Amino acid sequence: MMDDMVGLAAVSLLGVLEQAYFSLQVIYARRKFSVSPPRTSGPPEFDRVFRAQANCAEYFPIFITVLWTSGVFFSPGDEGTQLCGLLYLYGRFRYFCGYSQSAQGRLAPLYFSAQVLWVLIGFSSLGVVFSFCRVYLRVDPIQVVWSALPLV
Amino acid sequence: MMDDMVGLAAVSLLGVLEQAYFSLQVIYARRKFSVSPPRTSGPPEFDRVFRAQANCAEYFPIFITVLWTSGVFFSPGDEGTQLCGLLYLYGRFRYFCGYSQSAQGRLAPLYFSAQVLWVLIGFSSLGVVFSFCRVYLRVDPIQVVWSALPLV
Amino acid sequence: MMDDMVGLAAVSLLGVLEQAYFSLQVIYARRKFSVSPPRTSGPPEFDRVFRAQANCAEYFPIFITVLWTSGVFFSPGDEGTQLCGLLYLYGRFRYFCGYSQSAQGRLAPLYFSAQVLWVLIGFSSLGVVFSFCRVYLRVDPIQVVWSALPLV
């Protein structure tokens, strides 16, 4: 079990490094636009960087929860989960860069990363439902579908 | 072990869906009250929705941490943990709706969900202390209490 | 495996209690400086307490992710991970107290807790790389280094 989780741990760690990068960008923007803590607003350029980081930080625990639920419980999709994880982090990176440039620039990557998150939520839901069937109904839905296929 | 965790995963996933719902409400409120990003304040109606979502998002990782610590380490309370998880999410839903209506309306469900969180923290603490006794002192506190009961 | 995790669960729980303490301080500051929700700014004394709590809350899921990745995957450093976890929480406590007093007072403990977080990120990275080698290359880097030592 531990072995399967190395990929999930690697994606999580990449997510942590991305958040660290975003936090550093806020520190640089604070210096550049002279917005010292505890203030959280300044010129629009600063506000965009600050809000981009805050939004990514807010979604980080949701992403980690869904990534691991999908990776652990939706076993047919191990590579799918890890790929979605990487795509989400890529989408968030483009969101951060786009939002730093203009409020409009955040939209396309925001929709993209939201879609990837919904795929992970779908994987997790399937994984949880399948596991419930296995544990409480003693039926393996994947095997049922698989054994019904030749009939089609 | 994995089997016991399906319930925890289901509650976590429900929590993720709840957060997604709250985020959508903020997007609708932004449109309704014309508060475009990166701005985070507007009329009090908007501010309440925004703060309700921010507060729930802030507590989400704390909730997930305590839910899993309680569920994994406080084994006599598997159903208790899952029930508390559901109650917490219900409390947060009522908190969000109440806060959206008035600042006063957030108070009762806030106290309720805080109390449920403290129960989960209590379960987690018991679970960690019991596990410490088992692993490092080689004593099972539950068995000790159980075997002492007939003497009473 | 579960046994090794008791220490990690204990540190996580301590982190949850610390966050609960910070949240209570914000509630007291709201009463003291008459800043009722949904407002999030007031006199500088309040702003500092509010931002100190917000910053700690933002880093909490990152801390939990790195703590568990390090603790689960970097096995030679079990005690090291737990010690770093405790040092981080201690640093965050001093950060909160320092920031409550003055913006300048947050800096030293902030750098300290950032350094501890980087150590945990380093441990996690080593753990993930080592596990990749074991799982996919069937090579145990620690054993390789160990068996090469007498040659030096």
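Helices here are DSSP runs of H or I with at least four residues, strands are runs of E with at least two, and both get numbered from the N terminus. Okay, with that in hand, hi everyone.

A word on ground rules. This is a predicted model, where local features need pLDDT of at least 70 and side-chain atom pairs count only at pLDDT 80 or more, while totals for chains, interfaces and linings use all residues. Residues are numbered from 1 along each chain as its sequence is written, chains are lettered from A in the order in which they are written, and side-chain values use heavy atoms, with hydrogens and water left out.

Let's go to chain B, to the loop between α1 and α2. Ser34(B) sits in that loop. Its phi is positive, about 50°, although Ser34(B) is not a glycine. Buried or exposed, this Ser34(B)? It counts as exposed, at 54% relative accessibility; the cut-offs are under 20% relative accessible area for buried, over 50% for exposed and partly exposed in between, using a 1.4 Å probe and protein chains only.

Pro38(B) is also in the loop between α1 (6-32) and α2 (44-73), and a cis peptide bond, omega about 5°, joins Pro37(B) to Pro38(B). Over in chain C, the bond from Pro37(C) to Pro38(C) is cis too, with omega near 5°.

Back in chain B, Arg138(B) has a positive phi of about 55° without being a glycine. You'll find Arg138(B) in the loop between α4 (107-136) and α5 (141-148), and at 70% relative accessibility Arg138(B) counts as exposed.

That's my tour, thanks!
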